[in-house]
Amino acid sequence: MCFATQGSGSGDERRIVELLAPLAPTLLTFDRGAKGRTLIRLLRELRRRRPDLVVMEGTGLTGGMALLLAHRWFGTPYVVSSGDAVAPFVAAGHPWLRLGAHVYERLLYACSAGVIGWSPYIVGRAISMGAPRAATAANWSAGTSAEDARATIRRRLGIPEDAVVFGLIGSLNLARRLEWCYGVELVLALRATDRVDLRVLIVGDGSGRSRLEELAGADLGRRVLLPGRCAPEEVLDFLAAMDVGSLPQTLDPVGALRYTTKLSEYVAAGLPVVTGQLPLAYDLDDGWIWRLPGDVPWSPEYIGALTALMSSVSSNELAIRRARVPIGLAIFDRSLQQRRIVNLVRDILAAGV
């Protein structure tokens, strides 16, 4: 059986169902809007059906408590699939919960039959916390871009053919304490340049969009383009219109240990990436990643380095970097990830955990 703590119909649910497809898992519904009732319903289902194994995508407390209680009460073995370092992620927004989150994360991994990490770094963290087995499934990008996507999207948005476009696609959720969301680094860097052929394209929506509009000032609709959310099937089309993808992540355990869905999408689009001095920026780089200094993407050091890159990058350098983006990078291959995770689950079942 499987479920996703992001809720029924979410991208996380689609991911775990697809990873486990050869095993034909039974999908459990998860209602994020009624967590108490969901916890009780999950426990009842697990007690009644006594599955051989339950796989949870995500690390939300409601789902995790259901697994821990079912493991203790009914002996139900479970696997956790996680993309984040749980305790640092929780503590970043709620420092007073740090200890409780650390205990929860350690219990969740130590009592599990195995862990699926979105990155090899999460796998290492889980093993260090007591997970007996683990494997990496770094996600994948579905579909392809239309043949003329670059020209079509640029015409739609009024971007000149010869413009240099830095951009990203994602949820624009504002961290109010920092007044920061994805894309702020791009807008601040662009505003510090006077390069007329430079554009920033930020595709998405959320509470941070008004912050981006405010920072863009007179460049909004001219050098800074905020078209809003796009349909999932249009993601690679919009990426095709860009020249550089931004991957703004912190160097603390929240950002340094994770891969995001953006990374697999950038690779699928053949898009060079600018990011911080992250482990992935060394491990995956073969000349297609720019690594900028600075512990956080809102630091003056990071913004200054991004400004310098935007001001100086040439069409020739962009072409060289694009040619070095790997085609079919194995870690983002869907079939390989699926095979790896199916083998993990089969070994757990064979061991009778």
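Because its relative accessibility is 14%, Cys230 counts as buried. This residue belongs to a predicted model, and the structure holds 0 disulfides.

**Cysteines**

- Cys181 also falls in the buried class, because its relative accessibility is 0%.
- The cysteine sulfur closest to that of Cys181 is in Cys230, and because the separation is 16 Å, the two are too far apart for a bond, given that a disulfide requires sulfur atoms within 2.5 Å.

**Helix α3 and Thr62**

- Thr62 lies in helix α3, which covers residues 61-74.
- With a relative accessibility of 14%, Thr62 is classed as buried, because the cut-off for that class is under 20%.
- When neighbours within four places in sequence are set aside, the residues in contact with Thr62 are Phe30, Lys35, Thr38 and Leu39.

**Helix α6 and the residue after it**

- Helix α6 spans residues 120-128, and its buried residues include Tyr121, Ile122 and Val123, together with Arg125 and Ala126.
- As background to reading such a list, an α-helix has 3.6 residues a turn, so residues three or four places apart point the same way.
- Following α6 comes Gly130, which has a positive phi, near 110 degrees.

How values were computed: Residues numbered from 1 in each chain as written. Predicted model: local features only at pLDDT ≥ 70, side-chain atom pairs only at ≥ 80, totals over all residues. Heavy atoms only, no water. Buried < 20%, exposed > 50% of the residue type's maximum accessible area, 1.4 Å probe, protein only. Helix = DSSP H or I, 4+ residues; strand = E, 2+ residues; numbered from the N terminus. Contact = heavy atoms within 4.5 Å.
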